[in-house]
Amino acid sequence: MHRGDLADLTAFAAVADERSFRAAAARVGVSPSALSHTVRQLEERLGVRLLHRTTHSVAPTDAGRRLLDRLRPAIAEIAGALEDLDRERRRPFGRLRIHASAGAAAIVIAPVWGCFVGSYPEVQLELEVDDAPVDIVSKGFDAAIAIRERAAADMIAVRVTGPVKVAVVGAPAYFARRPAPCTPDDLARHDCIQYRWGDSAYAWPFQRDNRSQGTCDKAQRISVSGPVTVNGSGLAVRAAVDGMGIAYAVDVQAKPFVESGELTRVLEDWLPSHEGYFLYYPGRRQVPTALRALIDMIRARR
């Protein structure tokens with residue numbers, strides 16, 4: 001299809017509908033002579049006369065009528081699609097696909113999604129929860145929410161939480177068999193739920209908070225071992241609840257089980273807060289209206 005055919009066919013349809021070059025020219029916003037030239041070029045390119053012309057009237061030929069019958073639904077479909085885009089530009093509309101780590105989904109999305117969906121009923125929110133890294137462009141996501149280092153250098157990253165607490169937890173039944181660790185080095189003698197983060201096992205970060213002395217020990221990372229490896233922090237917490245070992249997770253995921261007595265916190269003086277979560281997306285221009293509305297709601301809640 002010639003790159004100018006769509007515009008030329010739309011011009012032809014306008015003339016055929018209006019039965020007048022002057023009226024059609026006013027409709028499409030060009031001069032009558034320019035419109036006449038456009039239709040004549042289209043006819044020459046197609047090798048078919050589409051319009052009968054006299055000094056007083058214009059009417060489609062038989063070939064023009066048959067072409068017009070097939071053009072009208074397509075032009076209406078295109079016009080409808082453009083109207084939908086304009087509608088979306090003015091008000092959140094359509095599907096919004098978000099990728100989030102388990103911790104980010106619990107802390108960032110879950111507290112606002114009821115309000116968001118209620119406020120924007122024409123948006124279909126699609127949330128995929130996975131702790132693995134993702135190329136949001138190739139996978140068709142509008143944005144992702146994770147820790148900052150997951151965002152590629154060319155992404156726009158927006159902070160959506162403050163620092164986030166972490167927890168090291170185990171089931172009371174597990175600690176009945178083994179004494180609770182007093183320092184991170186003690187984890188070498190424990191079964192730990194390993195967490196695979198991308199292509200490698202996640203080393204657990206620790207830093208002792210000596211508040212009474214106004215200092216902090218040097219940060220360290222501990223590589224742990226154990227009988228179970230998972231790729232989601234929620235699964236790590238579930239394994240700890242089932243007495244399979246000690247888990248390291250975002251505190252909000254462990255907290256319900258701690259409050260119910262199914263898990264016990266350990267090493268609380270050694271746990272740093274991580275810097276929190278960022279929402280990231282490609283490009284600063286023409287941010288989808290639904291995504292902008294979600295970002296505004298999340299930040300307002302903060």
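Colleague: Which residues line the largest cavity?
Modeller: H99, D130, A132, P133, V134, A144, A146, R150 and Y280 line the largest cavity. On a 1 Å grid over the protein atoms alone, a cavity is a set of points where a 1.4 Å probe fits but cannot get out, and lining residues have an atom within 4 Å of a point. Before we go on, this is a predicted model, where local features need pLDDT of at least 70 and side-chain atom pairs count only at pLDDT 80 or more, while totals for chains, interfaces and linings use all residues. Residues are numbered from 1 along each chain as its sequence is written, and side-chain values use heavy atoms, with hydrogens and water left out.

Colleague: What volume does the largest cavity have?
Modeller: About 30 Å³, counting the space filled by probe spheres set on grid points, which are joined across faces, edges and corners.

Colleague: And how does its lining divide by class?
Modeller: The cavity lining has 6 nonpolar, 1 polar and 2 charged residues. Here Ala, Val, Leu, Ile, Met, Phe, Trp, Tyr, Cys and Pro count as nonpolar, Asp, Glu, Lys and Arg as charged, and the others, Gly among them, as polar.

Colleague: Switching to pockets: how much space lies in the largest pocket?
Modeller: About 580 Å³. A pocket is an open set of points with protein on both sides within 12 Å along at least five of seven lines. The largest one is lined by 25 residues, and I147, V166, Y202, P205 and H274 lie nearest its centre.

Colleague: Which strand gives the most to that lining?
Modeller: β15, with 3 residues. Strands (E, at least two residues) and helices (H or I, at least four) are DSSP runs, numbered from the N terminus.

Colleague: Now helices! At what angle do α8 and α9 cross?
Modeller: Roughly 25°, with the axes of α8 (residues 233–241) and α9 (residues 251–259) coming within 10 Å. Axes are lines fitted to C-alpha atoms, for helices over the stretch in contact, and angles run from 0 to 180 degrees between N-to-C directions. That makes α8 roughly parallel to α9, as angles under 35 degrees count as roughly parallel, over 145 as roughly antiparallel, 65 to 115 as roughly perpendicular and the rest as oblique.

Colleague: What about α1 and α2?
Modeller: The axes of α1 (residues 5–18) and α2 (residues 21–28) come within 8 Å and cross at roughly 130°. That makes α1 oblique to α2.
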